[in-house]
Amino acid sequence: MSMPLSRDDVTISPMTPQQYVQQKAAASGSSFYYAFLFLPPERRAAITAFYAFCREVDDVVDEVSDAGVAASKLAWWRSQVQHAFAGRPEHPVMQALMPLAARHGIEAHHLQSVIDGCEMDLNQTRYLDAAALQRYCHLVAGVVGEVAAHIFGQTDPATTAYAHKLGQAFQWTNILRDVGEDALRGRIYLPINELQQFDVKAHEILNRIDSERFQSLMAFQAARTHALYDEALRLLPECDRRAQKPGLMMCSIYRTLLREIEAAHFPVLQQRVALTPLRKFWLAWKVQALGRL
């Protein structure tokens, strides 16, 4: 990253680490990005760098078709975390994150937990029940929520439970949104015992076959996800409500997405339901300006 690139006699300066993570976060199109926009610059820089790290390791699993190659790449990221916390950050993401990590309570084990969660995708494509899925959701979403809450300005230790529960609600929303896309990768995150409860066969999901049974299964999943949102919001201490506005913005965006999926009768086997960027920005702005979810 230290040498300029030359093309047709035009010198192009390389991106700084800060520009790299900004581009990574913006290019993802994630709902998280819209919440970041309302943060003060220093906190925005920290959450953007942390989110870029999460995107990098998640992309390894989603974009690398060879499991052995993906495992090697995740091992490489583990070494990057070790080097960075030993004072030798090499990747632009780690170079952007490390100057801000200590100030916001970001530790190596947080990043390694995210890698652990992504690594589970390489080794496990089914989960027996919701309890078995809990560890995965903890690693890829609960830990992320806890780190984000600290970056946003958490002052009450009780806010950690709120952040963890809210992260789980986001992850369940993602699972419901991505049933069809995950099926194309041979993955089913919906718990096996719940498929059995509604008489939905794994091969039906893998072949993206809709049915009334599948609709009932999804309605059950959506109800549980709404309960997670409700529980998370009950857990948020009033003293931290203002500081945690970015999380509440994401809550508004993700819960609106969940309601859209419900209103469309769960077309997730055949299409990806999404909100427009303008609508995401509007939902985030409403929380910022009016304090309303």
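Select L190 and show whatever surrounds it: skipping neighbours within four places in sequence, L190 is in contact (heavy atoms within 4.5 Å) with Y127, I175, L176, V179, L195, I205, F214, L217, M218 and Q221. Before you go further, note that this is a predicted model, where local features need pLDDT of at least 70, side-chain atom pairs count only at pLDDT 80 or more, and totals for chains, interfaces and linings use all residues. Residues are numbered from 1 along each chain as its sequence is written, and side-chain values use heavy atoms, with hydrogens and water left out.

Buried means under 20% relative accessible area, exposed over 50%, and partly exposed in between (1.4 Å probe, protein chains only).

**Stop two: α7 against α8**

Colour α7 (residues 130-152) and α8 (residues 159-177): their axes come within 7 Å and cross at roughly 125 degrees. Sorted by class, the contact of α7 with α8 has 10 nonpolar, 11 polar and 1 charged residues. Helices are DSSP runs (H or I, at least four residues), numbered from the N terminus. Axes are lines fitted to C-alpha atoms, for helices over the stretch in contact, and angles run from 0 to 180 degrees between N-to-C directions.

While you're on α8, pick N174, which lies in this helix. N174 is buried, at 15% relative accessible area. Draw a distance from N174 to V200: the two are 26 residues apart along the chain, and their C-alpha atoms are separated by 20 Å.

**Stop three: α1 on α3**

Move to α1 (residues 17-28) and α3 (residues 41-63), which pack at an angle of about 65 degrees with their axes 8 Å apart. To see the contact, show Y20, V21, Q22, K24, A25 and S28 of α1, then T48, A49, Y51, A52, R55, E56 and D59 of α3. By class, that contact has 6 nonpolar, 3 polar and 4 charged residues.

Also in α1 is A26, which is partly exposed at 35% relative accessible area. A26 and V144 are 118 residues apart in sequence and 18 Å apart in space, C-alpha to C-alpha.

Click D182 in α9 (residues 179-184). Is D182 buried or exposed? It's buried, with a relative accessible area of 8%. Leaving aside neighbours within four places in sequence, D182 is in contact with R187 and Y189.

Most residues other than glycine have a negative phi. D199 has a positive phi of about 60 degrees; find D199 in the loop between α10 (192-197) and α11 (202-206), partly exposed at 39%. F266 has a positive phi too, of about 55 degrees, and sits in the loop between α13 (245-263) and α14 (277-290). F266 counts as buried, at 7% relative accessibility.

Note on methods. Helix = DSSP H or I, 4+ residues; strand = E, 2+ residues; numbered from the N terminus. Nonpolar A, V, L, I, M, F, W, Y, C, P; charged D, E, K, R; others polar.
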